[in-house]
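Thanks for coming, everyone. Let me walk you through this one. Have a look at the sequence and the model first.

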Amino acid sequence: MDYSNSIEGQVTAESKLCFGAVLFLENTVRGGCRLNVMFRFGLMRQEFQISDLRHDESIYQSFDEFIEGVSY
C-alpha cells in the first residue's frame with residue numbers, strides 16, 4: 001500500500017499481497033482467498049499459488065481469535 005497521499009492508502013503497481021491475510025482468509029472464510037478480488041487477481045497474475053502457502057505459520061484461525069488478539 002502507498003500511504004504517501006492519504007492515510008487510507010492506495011494500491012499501486014508496486015503493492016504486494018499480504019500472505020498473513022491470505023492465510024487468514026483460507027482459515028476463516030469458506031472459499032478462502034479466492035473470494036477476495038485482490039487475491040484472485042494475485043492468483044491470476046501468478047504472484048502466488050495456493051500450494052505455496054505455509055499453513056504452519058502462526059496466524060489467527062478464526063475471527064473470534066483475531067478480535068481477541070487485537071482488542072485492548
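Start with Q46, which is exposed, at a relative accessible area of 68%. Exposed here means over 50% relative accessible area, buried means under 20%, and partly exposed is in between, with a 1.4 Å probe and protein chains only. Q46 sits in the loop between α2 and α3. Its phi is near 60 degrees, a positive value in a residue other than glycine. For background, most residues other than glycine have a negative phi.

A word on the source. This is a predicted model, where local features need pLDDT of at least 70 and side-chain atom pairs count only at pLDDT 80 or more, while totals for chains, interfaces and linings use all residues. Residues are numbered from 1 along each chain as its sequence is written, and side-chain values use heavy atoms, with hydrogens and water left out.

The rule is a side-chain nitrogen of Lys or Arg within 4 Å of a carboxyl oxygen of Asp or Glu. By that rule, the count is one salt bridge. How exposed are the two partners? R45 is exposed, at 58% relative accessibility. E47 is partly exposed, at 35%.

Next, M44, which belongs to helix α2. M44 is exposed too, at 62% relative accessibility. Between M44 and A21 there are 17 Å in space, C-alpha to C-alpha, and the two are 23 residues apart in sequence.

Now the overall layout. The chain has three helices and zero strands. Helices are DSSP runs of H or I with at least four residues, strands are runs of E with at least two, and numbering goes from the N terminus. The order is α-α-α. The C-alpha atoms fill a box of roughly 35 × 30 × 20 Å along the principal axes. Of the 72 residues, 18% count as buried.

So what is inside? Which residues make up the largest nonpolar core? There are eight: L17, V22, L23, L25, C33, F39, F48 and L53. Such a core is a set of buried Ala, Val, Leu, Ile, Met, Phe, Trp, Tyr and Cys residues, joined through side-chain atoms within 4.5 Å. Helix α1, residues 19-28, gives the most to this core, with three residues. In soluble globular proteins, nonpolar side chains tend to be buried together.

Stay with α1. Its buried residues are V22, L23, F24, L25, E26 and T28. What covers them? The cover includes α2 (37-44) and α3 (63-70).

Leaving aside neighbours within four places in sequence, F48 is in contact with L17, F19, V22, C33, F39, G42, L43 and L53. Contact means heavy atoms within 4.5 Å. Across the chain, residues 24 or more positions apart account for 42% of the contacts with a separation of 6 or more.

That's the tour. Questions, please.
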